[in-house]
Structures are given as C-alpha cells and as structure tokens.
Amino acid sequence: MKLKELERPAVQAWSPASQYPLYLATGTSAQQLDSSFSTNGTLEIFEVDFRDPSLDLKHKAVLSASSRFHKLIWGSFGNGLLESSRVIAGGGDNGMLILYNVTHILSSGKEPVIAQKQKHTGAVRALDFNPFQGNLLASGASDSEIFIWDLNNLNVPMTLGSKSQQPPEDIKALSWNRQAQHILSSAHPSGKAVVWDLRKNEPIIKVSDHSNRMHCSGLAWHPDIATQLVLCSEDDRLPVIQLWDLRFASSPLKVLENHSRGILSVSWSQADAELLLTSAKDSQILCWNLGSSEVVYKLPTQSSWCFDVQWCPRDPSVFSAASCDGWISLYSVMGRSWEVQHMRQADKISSSFSKGQPLPPLQVPEQVAQASLIPPLKKPPKWVRRPTGVSFAFGGKLVTFGLLSTPTHLVPQACPRLVFISQVTTESEFLMRSTELQEALGSGNLLNYCQNKSQQALLQSEKMLWQFLKVTLEQDSRIKFLKLLGYSKDELQKKVATWLKSDMGLAESPQPKGNDLNSDRQQAFCSQASKHTTEEASASSAFFDELVPQNMTPLEIPITKDVDGLLSQALLLGELGPAVELCLKQERFADALILAQAGGADLLKQTQERYLAKKKSKISSLLACVVQKNWKDVVCTCSLKNWREALALLLTYSGTEKFTELCDMLGTRMEQEGGRALTSEARLCYVCSGSVERLVECWAKCHQALSPMALQDLMEKVMVLNRSLEQLWGPHGVSPGPATTYRVTQYANLLAAQGSLATAMSFLPSDCAQPPVQQLRDRLFHAQGSAVLGQQSPPFPFPRIVVGATLHSKETSSYRLGSQPSHQVPTPSPRPRVFTPQSSPAMRLAPSHPSPYQGPRTQNISNYRAPGPQAIQPLPLSPGVRPASSQPQLLGGQRVQAPNPVGFPGTWPLPGSTLPMAYPDIMQPGSTSLPETPRLFPLLPLRPLGPSRMVSHTPAPPASFPVPYLPGDPGAPCSSVLPTTGILTPHPGPQDSWKEAPAPRGNLQRNKLQHLPPEKMERKELPPEHQSLKSSFQALLQRCSLSATDLKTKRKLEEAAQRLECLYEKLCEGTLSPHVVAGLHEVARCVDAGSFEQGLAVHAQVAGCSSFSEVSSFMPILKAVLIIAHKLLV
C-alpha cells in the first residue's frame, strides 16, 4: 500500500535507523529533467510521519547544490555529538563528491557543506559508508576508480588497486560487507563483481557469469552470512538476480527469474535476511523470499520504471521507490486496499464537477474493487515473528517455543521448530483439598468429612459453622441445632428438677400455721387418702360418701356491694367478660386468666394481651413471643446481642413453611446492622434455612479479595449444604442462584487452570442454562480429548452463523423459520451493486391462497425491525417461498415487514409505480380476522426495462388479491360503495402499468390503480440510534463554518452539508454494512471528544475495509471535514 508520495525528479537516501524523527533526503537527479529543463541542483530533507493519514511529506529543509546528483547516501559519522553525528554524501558529475552536515541544513545556521572533493574523473555513481566505522566512505566512478575517504582527514583518499592491472570500466555499485569491516565489493557493467580486502589493498576474488550477458547494475551483501552476495543484471536478455557464495564461486547458488526486462536496483532487508527487493524495466517492484526463491510481494505495475528502491532502516516494513516520471513513493509490504487512494482521487475529480449538488454514488464493479486489494507478504517477516514465545492455554497448559541453539542462517529451511506443551500447577494444596471434597461427595461419607473440618478449624466461628453443616445431614436437625446454640431439653429438665428439689427442702422448714382454705383442703385430701388405703374393702357408695371432707369450711358466696359481690353476680349470671374486666381492674391477673380460659379463645387472647401489656418484667417480652407467636416481630425487633436466642425461638416454635424466610430475615439483619463478626455469624442462619444463595452472598461480603483457598472453603460448605438439601428435597429440588453459579464457575475455572478438567466439569451444575456455565462445560468437554470418548457432547453454547452462504439461501432459510434475517455483511455479487429505491407506501395485499411458509398474519408492527443491507437486492424466488424482509415505510416513517406471499420472481417497484391499496376490513381468505393496523406486501413483479439479469425461474400460478382503496386515500374512488376485488397479474408492457385478469367467480369491478405523488411523501425519519451521529456531524459543520475565514473553506463546508445527506438517507434505508455504521459512530465519538487525528485514523480504517461503491458518496467529504476541523482547531 502506498503511504506517502513526493513529486521530485531526484535520488533518495533514508536517515539512519538511530535517527528520530525519520527523514528522507532527496537530491536533484543528474539523469532526469523536469518540465522546466533546469540544470540546477537542490538537496531537500523531508520528515516522514506515518501518523499523518495524508500522502504528503513534511518539508523540513532545502539547500541549493553546486551539482546534480547521481547517488545520495546518509551516514552517521561522528562521536555521538549532535554537531557531527549526521552526514550526507552526494556523488555528482565530473567526479564531484560533496559532504553535508545534516544538523546545519536543518538549523539553517552554519555552513552546511563540509567538503567538496573532485578526485574522480567521471560521474560518481557508487557510494557507501562502512557500517562499522562511520568515518570511512567508499566512492566509485569511471575508469575503475575506487577511493576510500576518511572523514577525519579528507586530503588524501586511499586508492584501491592499480589501473594498469585491469581494464578500466565504470563502477556501478559499491557495498561494504556486513560482517567483516575490511571487505568491500564493487560491481561492473561487464558482469563481474570484485571483492577487495583493504588490509591487503588488492582484490581477493572476482565473481562473473560465464554467459557474458550479465551486465551488473547492483549488488548487496547478505546481512548475516559474510560470504554471500547478490548481483542483478540490467540486460534485457538476462534479467536475473544471482545469489553467490564466495566459498563456491564457480556458479551462483540461486538464480531468481521473474522480471521480464533488465533489473535496475536491488535492496536487501537488514531486518529479515530472506527478503530481497528489486525493481526493473518492466515497471514491476518485486519482493523475493530467498529461502524459497518465490515472489512474496508484488506491487501493481507502475506507469514508469523505478530506478532505485531502498528499504527503510528504521521501519522494516516500509520501502521507497524513485521512478523515472519524477515521483518518489513510500510503500508498505504489509498490504492493504487501494480504495483510499481511489476515493481521494475520485473526491478531487468530484469537487471540480459538482456545483452545489452532490453527484450520484459511483458504481464500481466488484471485479475492479477486488483487483484493488494488495495482499501482504505471503510469509510473516522476521520482524513480526517472535524469536521466543510463551502463552498459557486452557487447562493449565503452558505453550513455549524458543530459539535454536544454532544460528538461524545455519539451520536448513525444512528443520522443524519445536513447540513444548507442559502442565503448570501452582496451587497444590488447593488441588489436594478439592480432591478430598470430590472423594467425600462421591463416597457419601460427608459426616466424617464435616467432623474432620470442624476439628481442623482454628476459628471458633468456623468450627461452629462446620458443626451446623454436619447437623444438616442428620435427622432431628432442629433439636441438634438447639444443642449447638446451648439449649438442650435434657439439660433443662435436670436443672429444673434440681431447682425444685432445693425449693421443697425450704418448704419443710417450720412455718406459721394458718386457717386459710388451702391448708384445710390439703389436710382434707391427706386424710382422705389415708382412709382410702385402709378401707379398700368397703362398698363403692360408702367410698364416694367419704370423698367429701367432713371438717371443711362451708362454701360462702359473697353478696356484698363491693368488688367481690359484683364479681360473684357476674359469675352467677355467666358474664365472664365483665368478670375478667373486674379482675384486671383490681390487678387480680391470675383470676382474670383463669376466667378468660373458661370464656373462650378470643377472651383468653385479649386477656393475655392486656396482661402482657401491663405486667412488665425481664421475661415478659419472651412470654409475649411464645404466647402470641408473632415470630416476624421477634426477628425484626430483638436485640442482635440475643441472635442466638432468636434463632433458638425459630428452631423451637416456627413452622416449616415460614422457617426459611424467618431465618433469612434474621441473617440479613445481622449482616446489615451488625459488624463483621455478626456478618460471619449470619452464615449459621443461612445454614439452618438451607439458603445456599444467601450463604454465598454473605461469604462474598467477608472476602473482598478472591484467593483459591478462600474459594475452596466456600465450595466445601456449598457442596455439603447442597447435598443435605438434595437428601431433603431430592436431586431436582435444588437449583443454584446467580451468585452461586458465578462462584461455582470461578471454582471450575480455577480447577481447569490447574489441569483438573474432569473435576471441574463435575462441579458444574448440570441443569444450568446460563451462558457462562454452558460455554465452560463445552470448553471443558472438548479440552479433555480422548478422556470423554463415548460421552455425549454438551449442546453448542453459541449461535451458529453460516459464513459464506449466498444471499438467496440466507434469506430464504431465515423466513422458513418465521424469523427476521440477521444483519450480516452481504456477500459480494459478481455484478455492480445498484441501489433500487423503495416504492411509495402501499397497503397490504391479501393472498387468496396462503403460503405454507407464511407466518402469523396478526403481528404488532412495532416488532418489525429495519431491513438489513441485503434487503435492497432483487431476489428470484421459487413459488411458495417468501423473500427476505425488504420493508417499505408507512407515511409516518414506521417500518413494517413486507414478505412476498406469492413468491413471484421479480424486483421491487420503482418510485412512481402503481400502488394497490388494501382495505383493512376485508377478510383474508384462510384467516378469521385482520388487525386494524394496515400492512405492506411487495407488489407483484414488474418487467424490468432492458435485458434482465435475473436468474430464470418457472413462473408461479397467478393469485388473486383484494385491491380496494382506503376511504380518503389519494387515488381512492369518490363512491361510498366499497369496490370489489380483482386479480392482478404482471403486465407485459411498461413497468408502471398493471392489468387485471378476469376473476374465477362472481361479478368483479375493475379499478384503476393510481399513483401516489412522490412530493406528497413525508421524509423518512432518522432512526433514534443514529440521531447522535447526525447531531455530532451537524455541530461540527457549524463550528467549522463559524471558524472558517476563507471563501473556499466555507463553500467546501456547504457542499459537505449537502453530501452528508446521502449518509443520512442510507442510515434511514438501513443499507450500510454493520461495520461501516459502527465506524461512523466511532468517528462521531472522536468528533465529540475533539480528537480529529483519531477520527481520521478510524475513517481510514473504515474506508480501507469497506466497499468503494457503498461509502464513496459520503466518506471523502467526511474526511475533508475532519481535516478542516483539525486545521481550524475547533
């Protein structure tokens, strides 16, 4: 791909690799003339900034030269100081050698010319700096003259060889060896290359082709192998590149033949020794892979010869080419599309012809668009290949590769590269505990597992939690929970009995005698008991007579007027309510409760409530809870210091249906109102209730930082609690919540990362439909390889998208399923893409025979979606198959689905075609009712003008359609009588005419279908998701218009506002590809942020990856607006 270009008839030289920023020096070529036929020479320096998307180079400096140049070279001579670290050497006519100080050229301060030497007798065409000693410069000219210049002392250069020893000839090229600093080679037109040893000052070997047709135009040393070099021939009879090894100099190692005419220049990549760049008289630039002797990159044929190609020393993928037509171009071998340049050229031409009105979109054939694609290198270059690499793979696998022990150039091409796959385990304790848990779950011996965990726990809270988890696996769990909380029935009975015994001992001590009723009754019952034991043989009647005590006080009923008298009267009359009131008034609570019990449940409940309200003591609140059984209030109002007692109350008294909810409420309150300690204790409530989800959420609050061991602790508790719930409710009664599923998925991922794939898969919930679980299960299954042979594969967790299918098959299959087609990028068509405008709004045509693939007819219009990019393509369909959704619009801008119920082959009607209208109250054949909302169906196919490109299909049988008008619609008849239906068939005549066929039965009237005037159509509204796009671009245009000062810029902005309407229309139509729409929104975000450089980069990326015909109407002008905004700094 072309990156930069410069119109200069000049030779070129790159700045050294250590130079930043990157520069390109140009000197007026001595072998070329411009249009002015000037013989003056100039030396210019340009900055190369690849961040700038434009093709222009930044001009940095210019200097008049005393001579035009045959060769230019940039060296890095000096001791590192800025003043002497950059030198440009130029070879001119008449043996002139000129040295320039680059720093002085750029600063325009001091004299830039270091020296001018005229030692040679001819034109200096060969120059090269020694790569090891930057002060040594080799120069070559006519008569076999080769001088070695020391830049520290330019007075007397070193001369190689003796003229008397060799026939004089021109020096075409010079090159220092890249491994041995004392070796220099020279190429001659006779076809030979001479290798010089500067230590001996004589040639050590001469290489020549025996065919005598080899006219050397260039040579280059191998970057890595000291004894190898390449020679290229400019003879059209033998346009070859020869690779020589001096150790075997009798014939070349390889001969590269792909150019059809003589080769003009060669350049060997210093970043990848396998890449060789050549240019020739056939106007081709080729990049060779010397390892395989094939062309791995080919630039499209140029308009003229390129006499010099050079790799960029700093950016290895870039090279420059100087052509004979006066252009210097910079290219990248990584490949890209030429559409950016084509769009730029088309934009320039369009701006010259458009006069305020945008031109119609350019229709580019697909063949041309495909031909503009330039593939990258066929092999990855060395600078993108990693010498060593390491990557973690799924399942704890570590994939590594590295450098070989032998140098790369010594390794044969077919040598295999080794890739090592190893298993990495970093959490050995985690795996051990996971294995123990898996074994306990598999054997079912979880009681011992919980017991061991309780004994190993260091914290009391952990010990208690494991004891609770153990109890969940046992019978009578509530009683055992109470024991763990410190409340045991057996211990309580022992304590009460001990207390009662001590109380009876106090009662046997001497007490003052009294005459109360209780003592009399006690004596009476005692005497009766003794008498009964001594006279067992008496008759039963005598026995019952003796039951009445003989010495008891007679019963007296108070009849006084005090409270006792009133109470007596109430009891005698059976008025227990007033009696209870009197007792409560006198605070005779015991009498009140006894009487209320005799008066029924309601009276007892009221009496208990009033008693509890009046009688306040330490135990009264607990009595109230037990009596009233209002456990929710207990949970919400109890002090959190007594959470154990509250949990014990729930375990003792709460019913099964409310127990889980109440325990969860208590635990939630402890989390929210208590500290960290109570949050940890809340887990006991969740264990009692069996709430795995809340247990996981509580754990997450206590463990903000996730560690493998902490997650292992959680999974042990979760799995034990899950197993207890399975025992209680069955295996299908437990379904994990989102928090539990998330942690289980994390746990399985950790196990998989340690290589335990089978164990990880066993912990995943089998019936979970959440995408992360399904994806992980699928990945674990396939990662196990042969270990799961014979097992059923899990369902594929991703939606399948058919890639590469034709448009017709995609759309047909989507409607066979009764669903909308997915929005996919349309496949390229062999014919030019022609936009077919949608027809004017039309009402639905009801088919007389419903299609077997036709979906429900009563659907809400709001459920319909905008058509995809493929909706505008005409499709030939077989009978009974509906086309994909190409949805016309109602007048209000609302889109509805427009399937073809008949399946005739044809296209959508053009604007102005006849529009049949359907009355919504007409009943459709085969359906019971019609929705009130009118629908749209595509019209029957029209005969296209000119030869059709459609695929021929057998025409379907005609179908009948009701075609009445809506009252008040344009073109509707003025009669109030509803017109009858007719049968419509494709008319063989013009495209805008229709003809009615005779109806099979009944008297049918003929109605003329009339046009809807296009000017009456309302403008389509931009979809809401694209409103921000339009707002951003319009605001940018407004800011630029306010900041622009010259008339040309303002006219450009006015033109941009008009041409961007094409973009908005395409957004309304929904005809843009998804990646284009996404790129435009990204550009709008960059515009809103003021980052116009980033916006231009995104613009270039979208334009390079899109079809030219799709974006040519708006992308060039959008780029122009971004450039204007960047310059105006709006």
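How many helices and strands are there in the chain? I counted 31 helices and 36 strands. A reminder to myself: this is a predicted model, and every value below was computed from it.

**Entry 1, the whole chain.** I looked up burial next, and 46% of the 1130 residues count as buried. Then I turned to contacts between residues at least 6 apart in sequence, and found that 59% of them join residues at least 24 apart.

Which residues of α13 are buried? In this helix, residues 589–598, I noted F589, A592, L595 and A596. They sit on the same side of α13, because the arc they cover around the axis is only 130°.

What covers the buried residues of α13? The cover includes α11 (563–572), α12 (576–585) and α14 (601–614). I also looked at what follows α13 and found G600, which has a positive phi, near 115°.

How do the axes of α26 (residues 1027–1043) and α28 (residues 1074–1089) cross? They come within 9 Å and cross at roughly 45°. The two helices are therefore oblique to each other, and I noted their crossing as left-handed.

I listed the residues that make this contact: α26 brings S1028, L1029, S1032, F1033, L1036 and R1039, while α28 brings L1080, H1081, V1083, A1084, V1087 and D1088. Sorted by kind, the residues of the contact of α26 with α28 are seven nonpolar, three polar and two charged.

Is H1099 buried or exposed? I located H1099 in helix α29, residues 1092–1104. H1099 counts as buried because its relative accessibility is 4%, and the cut-off for buried is under 20%.

Which residues is H1099 in contact with, leaving aside its neighbours within four places in sequence? I wrote down V1083, M1115, L1118, K1119 and L1122. V1083 was already in my notes, as one of the α28 residues in the contact with α26.

Note on methods: Residues numbered from 1 in each chain as written. Predicted model: local features only at pLDDT ≥ 70, side-chain atom pairs only at ≥ 80, totals over all residues. Heavy atoms only, no water. Buried < 20%, exposed > 50% of the residue type's maximum accessible area, 1.4 Å probe, protein only. Helix = DSSP H or I, 4+ residues; strand = E, 2+ residues; numbered from the N terminus. Arc of directions from axis to C-beta. Contact = heavy atoms within 4.5 Å. Axes fitted to C-alpha atoms, helices over the stretch in contact; angles between N-to-C directions. Parallel < 35°, antiparallel > 145°, perpendicular 65-115°, else oblique. Left-handed = near helix turned anticlockwise from the far one by under 90°. Nonpolar A, V, L, I, M, F, W, Y, C, P; charged D, E, K, R; others polar.
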